[in-house]
Amino acid sequence: MNLLSALLMVMFLLSAGSLARATPAALRCTAPDEVTHFKVTLPYTARAIRRGASLVIVAIGSSSTQGVGASDQAHTYPARLAEEMRRRWPRLVVTVLNKGVGGETAEQMLARFPRDVLPYHPQLVIWQTGSNYALTRENMQGYEQTVREGIARLKAAHTDVILMDPQYAPRVLGRPLHKTIVDTMGVMGHDLKVAVFRRFAVMRYWVTKGQYRMEDIVTKDQLHMNDVSYHCIARLLADSLVSAVRTASPPQPDNPSITSNDRHEGRLSRQ
């Protein structure tokens, strides 16, 4: 075998190995519509996409947003979500800002809103919360009030909101409070008319239906997600966003002469 043939063989084996690793994740990133479908629309996000200029998304949360368990920052769910959105809308300038800080609770995230969320004037905020509360607390005292306050602040800033509930992982399942948190987030979504991405139900579906074993989607620490699960969550989240924006009506501005998107675009242009 000459040098050129050897190089071609190595390239073929590497590409085949990459394909073999990618294909199962691509084929099994599924969940039923009743789990992934948002019950509300996302008007500010929809308008940004329809205008075709730019879309700013802030992902705020704890280690699941920061990307603990991923092989690198390119494999976190916010990074993967940006790729999925650009693939669906290739002419749209999509910015997904990763504002995850490992170990934080809802109160600590809310305290960061003035620094890490509101200055960017996003059309969409994805707020991943609840896991650390389940792991560190014995009751729900203060949790719901904190999340409701955060949602109110985001709505006042003319931003769509998606809540992301806890991951389906052994250490979360081992804490009695996890079910109450998941249920409470669903109730808040209904009451406050915000979207809830039901990560817990999605991952439970994967495991109970045999798409994945727990060890395929959760790291050895029995808590954090990995490249496969981050990738699949981002893909399903992007699919949910597609459905939500297709049915969204334009948001109603507070002042008919100044639309909220005009405020977004003006502020962004001055940054």
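**Entry 1: the chain overall**

I began with burial: 51% of the chain's 271 residues count as buried. Buried here means under 20% relative accessible area, exposed means over 50%, and partly exposed lies in between, with a 1.4 Å probe and protein chains only. I note that this is a predicted model, in which local features need pLDDT of at least 70 and side-chain atom pairs count only at pLDDT 80 or more, while totals for chains, interfaces and linings use all residues. I number residues from 1 along each chain as its sequence is written, and side-chain values use heavy atoms, with hydrogens and water left out.

I then listed the elements. The chain has 14 helices and five strands. Helices (H or I, at least four residues) and strands (E, at least two) are DSSP runs, numbered from the N terminus. I also looked up contacts between residues at least 6 apart in sequence: 79% of them join residues at least 24 apart. Contact means heavy atoms within 4.5 Å.

**Entry 2: the sheet**

In what order do the five strands lie in the sheet? I read β2-β1-β3-β4-β5, an open sheet with parallel pairing. β2 and β5 (195-197) are the edge strands, each pairing on one side only. From one strand to the next the twist averages 20°. Two strands pair if DSSP finds at least two bridges between them.

I went through the pairs next. β1 and β2 are parallel and share eight bridges. In that region isoleucine 60 stands opposite lysine 99 of β2. β1 and β3 are also parallel, over four bridges. Valine 58 has valine 125 of β3 as its bridge partner. β3 pairs with β4 (residues 160-164) in the parallel sense over five bridges. Glutamine 128 faces methionine 164 in β4.

How many of the eight residues of β1 are buried? I find seven, so β1 is largely enclosed by the rest of the structure.

**Entry 3: helices α5 and α6**

I compared span with expectation, where the expected span of a helix is 1.5 Å times one less than its number of residues. α5 (residues 77-88) has 12 residues and reaches 16 Å from first C-alpha to last, close to the 16 Å expected. α6 (residues 106-117) also has 12 residues. Its end C-alpha atoms are only 14 Å apart, short of the 16 Å that a straight helix would reach.

I checked burial in both. In α5 the buried residues are Tyr77, Pro78, Arg80, Leu81, Ala82, Glu84 and Met85. In α6 they are Ala106, Met109, Leu110, Arg112, Phe113, Asp116 and Val117. As background, an α-helix has 3.6 residues a turn, so residues three or four places apart point the same way.

What covers the buried residues of α6? The cover includes β1 (54-61), β2 (93-100), β3 (124-128) and α8.

I followed α8 next. It lies across β3 and β4 and runs at about 170° to β3. Axes are lines fitted to C-alpha atoms, for helices over the stretch in contact, and angles run from 0 to 180 degrees between N-to-C directions.

α8 (residues 143-156) also meets α10 (residues 178-192): the axes come within 11 Å and cross at roughly 35°. The crossing is right-handed. By definition a crossing is right-handed if the near helix is turned clockwise from the far one by less than a right angle, and left-handed if anticlockwise.

I wrote down both sides of the contact. α8 supplies Tyr143, Glu144, Val147, Arg148, Ile151 and Lys155, and α10 supplies Ile181, Thr184, Met185, Met188, Asp191 and Leu192. By class I get seven nonpolar, one polar and four charged residues. Ala, Val, Leu, Ile, Met, Phe, Trp, Tyr, Cys and Pro count as nonpolar, Asp, Glu, Lys and Arg as charged, and the others, Gly among them, as polar.

**Entry 4: single residues**

I looked up alanine 201, which sits in α11 (residues 199-208). Alanine 201 counts as buried because its relative accessibility is 8%. Its C-alpha is 8.8 Å from that of threonine 36, 165 residues apart along the chain.

Histidine 121 has phi near 50°. It lies in the loop between α6 and β3. Is histidine 121 buried or exposed? At 18% relative accessibility, it counts as buried.

Glutamine 222 has a positive phi of about 65°. It belongs to the loop between α12 (214-217) and α13 (227-246). With a relative accessible area of 37%, glutamine 222 is partly exposed.
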